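Here is a short report for a first look at this protein. Start with the overall picture, then follow a few selected parts.

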Amino acid sequence: MHTRDTLAFQWLGGRVSVRLTWLLAVAVVTGFTLARIVPEMSHWQDRVLWYIGVAVVIAGAIALLLMHEAAHDWMARRLGMRISPSRLYPFGGVSEGYGDPGTPRSELLIALAGPLANLLAALLFGGLWLLLLAGDLHRTVIGLLALTSAVIGAANLLPGLPLDGGRILRALVWYLHQDYTSGTRAAVFYGQVISTFTLAAGVIALGSHTGWQPLGAWIILLSWALNRTGREELLRSELVSRGARVSVGDVVVGLNARIHPEQTLEDVLDVLLAHGQLGPALVSDDGRVTGILSLDQLRHWPRAVWPSHTVAEAMIPLARVATIGADDSVRELLDRLVDGQVEVLAVVRQGEVLGAVDRRLAARQLFERSRAETQDEAK
């Protein structure tokens, strides 16, 4: 989901995001790598050309990463599946959607599309490299792009989530056990094992005081990505599986405090804190819901004006709030919230508003409730 520490943009019809933490980490490792490999150059013209070449390689690496994700999306479209928002990390991307995961076959084909695209790009750049003259700067840049594409493709074939090799492993276990979550758990487990070994290898290379230090830094970054995003993918898969079996109406009851439109904003804060829930408040007049007010909206108003302004001035009128049916699944709810286009959803049944879900604050608690409901059903 979209947060303030995330950069999001549209790419080939889909929403792509990247956390600023990852951007900072990549920038640091890139800077360290350049500092270690910069050659001795006596002429400033050579230095300028070298840095131009570096800039082209970095831009090319970003383009190759986006091409990798575009290949996944292309295959998903070919299979008739909805394109979910994705989040980039240094060696690939993971889905942020909570929709239908498809079948083991579709998972396998979509996973293979990214590395195959990188392999084709590596062969193309490799062919161009062979045609250019030795010692030419263009040849060096093309060669590095071929190597970069090959590394992205090869690294993604490691059998652990969130890498594509992990998705391939998930598809296999999913097919054998007919259970999407079991496949995810197996692939995340192997991803954590790979993360442990790559971390050890990266630390050894980084501490070697040799030319292997830059590679060690990148391996450590890969280990971090595997560890962090693998656990996030496990949580997402549980949401996908559990959320499909629980309706929104079953979990939204009691999530929201009720406030009156004539109350001051200062009074509302006390009500929200006393209610103890994370959901936005329902603005109710004579038993009829007329709007919604969340803590995020409250923060938009300076604290000094809270005693003199009312809920009616700060709320979102109900007519402007998107709705979802109470009989829809929690998975459908989360899938609508994740793309960042909807801030709040009102849950309705036969025209009556049962509650409201704030995109950033309430989804986690909503999942906890849906998980409890599912566990009760399993007993």
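## Overview

A residue counts as buried when its relative accessible area is under 20%. By that cut-off, buried residues make up 47% of the 379 residues in the protein. The model is predicted.

The protein has 13 helices and eleven strands. Take the contacts with a separation of 6 or more: 67% of them come from residues 24 or more positions apart.

## Helices H3 and H5

Two packed helices are described by the angle between their axes and the distance between the axes. Helix H3 covers residues 104-131, and helix H5 covers residues 164-177. They pack at an angle of about 165 degrees, and their axes are 8 Å apart. An angle over 145 degrees counts as roughly antiparallel, and H3 and H5 are therefore roughly antiparallel to each other. The crossing of H3 past H5 is left-handed.

Which residues of H3 and H5 make the contact? From H3 come Pro104, Glu107, Leu108, Ile110, Ala111, Leu112, Gly114 and Pro115. From H5 come Asp164, Arg167, Ile168, Arg170, Ala171, Trp174 and Tyr175.

## Helix H6

Helix H6 spans residues 180-206, 27 residues in total. From first C-alpha to last, H6 reaches 38 Å, close to the 39 Å expected at 1.5 Å a residue.

The buried residues of H6 include Tyr180, Thr181, Gly183, Thr184, Ala187, Val188 and Gly191. Further along H6, Ile194, Ser195, Thr198, Gly202 and Ala205 are also buried. What do the buried residues of H6 pack against? Their partners are H5 and helix H7 (213-243).

## Serine 247

Serine 247 sits in the loop between H7 and helix H8 (248-252). Is serine 247 buried or exposed? Serine 247 is buried, because its relative accessible area is 14%.

In sequence, serine 247 and aspartate 328 are 81 residues apart. In space, their C-alpha atoms are 5.4 Å apart. Leaving aside neighbours within four places in sequence, serine 247 is in contact with Ala326, Asp327, Asp328, Ser329 and Val330.

## Threonine 290

Threonine 290 belongs to strand E7, residues 288-293. Threonine 290 has a relative accessible area of 18%, so this residue is buried.

Which residues does threonine 290 contact, leaving aside its neighbours within four places in sequence? They are Val283, Asp285, Met315, Ile316, Pro317 and Leu318.

Note on methods:
Residues numbered from 1 in each chain as written. Predicted model: local features only at pLDDT ≥ 70, side-chain atom pairs only at ≥ 80, totals over all residues. Heavy atoms only, no water. Axes fitted to C-alpha atoms, helices over the stretch in contact; angles between N-to-C directions. Helix = DSSP H or I, 4+ residues; strand = E, 2+ residues; numbered from the N terminus. Parallel < 35°, antiparallel > 145°, perpendicular 65-115°, else oblique. Left-handed = near helix turned anticlockwise from the far one by under 90°. Contact = heavy atoms within 4.5 Å. Buried < 20%, exposed > 50% of the residue type's maximum accessible area, 1.4 Å probe, protein only. Expected span 1.5 Å × (residues − 1).
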